[in-house]
Amino acid sequence: MARFSSALLVSFLLAIWLLAPFVAEAYRLESSLRQAQEDGRLTPEEAEGIQARIDQTREQGLPQAPFAAKVEEGLAKRVRAQAIIHALDVIRGDYDFARDTLRRSGAEPTPDDIALTGDSLRLGLTRLELTAMADLNPPPPMLATAARTRAALNAIGFPTPLSGEIMRQGLTLGSLTPGWEQLFRVVQRTREAGIPDVAVADAAARVLADGGSPAELLQELGLTGRDTRHEPGASK
């Protein structure tokens, strides 16, 4: 009996430990909403509306941290409640779409995969582009990498057809590792060196075919890793 009771105690303590980050986060958010009401920044109805959105995302199994962070940011900047609620609805819509698209491979995406892909939809990636990449049936982590990589390329104006070909190569061959999320930095450097985007795309396809990395892409283009250590716009 004592041994059985000890096992139950261990299981209970483990459950508490696993739930601790979520409980602490939920408590902080409730505290922030309560403080905002006391300060006159939110009405009880507005606070309830925000909390309802948070509860709904939790029930849907979506990552919680980005939603809580958006609420905290909005409250700190004294953003109107309706604007906060709208932002939460937009994030939830992107995450819902990201999760459903990631699941098309038959594997269950992690919260990090969902967050990475959902955030990419707000940072330059279109839903049509994400769907096209999902049609290649990559595993969720690789599709999430592709989403972030392509969003960054879109943000710097890299030609869409070239981005599509690079992603198709990497996803089809299974060689698109997380390191390729830095491809946009390579493009920034090659543009400074006067290398056309089409030449970069052609070289990227060759490197991906060999299972290489962005560092090897730089070598393929006659550059070195040291050439990308500077932040965009920084002096050499």
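Two rings of Phe, Tyr or Trp form an aromatic pair if their centres lie within 6.5 Å, and planes over 60 degrees apart count as edge-to-face. In this predicted model, the structure holds one aromatic pair. The partners are Phe-67 and Tyr-95, arranged edge-to-face.

**Aromatic pair**
- The ring centres of Phe-67 and Tyr-95 are 5.5 Å apart, with 80° between the planes.
- The pair links distant parts of the chain, since Phe-67 belongs to helix α3 (residues 65-76) and Tyr-95 to helix α4 (residues 81-102), 28 residues apart.
- Phe-67 counts as buried because its relative accessibility is 1%.
- Tyr-95 is likewise buried, with a relative accessible area of 0%.

**Arg-53**
- Helix α2 (residues 44-59) contains Arg-53.
- With a relative accessible area of 27%, Arg-53 is partly exposed.
- Beyond its neighbours within four places in sequence, Arg-53 is in contact with Ile-85, Leu-88, Asp-89 and Arg-92.

**Ser-163**
- Ser-163 is located in helix α8 (residues 160-173).
- The relative accessible area of Ser-163 is 0%, so this residue is buried.
- When neighbours within four places in sequence are left aside, the residues in contact with Ser-163 are Arg-150, Leu-153, Asn-154 and Phe-158.

Key. Residues numbered from 1 in each chain as written. Predicted model: local features only at pLDDT ≥ 70, side-chain atom pairs only at ≥ 80, totals over all residues. Heavy atoms only, no water. Phe/Tyr/Trp six-rings, centres within 6.5 Å; stacked < 30°, edge-to-face > 60°. Helix = DSSP H or I, 4+ residues; strand = E, 2+ residues; numbered from the N terminus. Buried < 20%, exposed > 50% of the residue type's maximum accessible area, 1.4 Å probe, protein only. Contact = heavy atoms within 4.5 Å.
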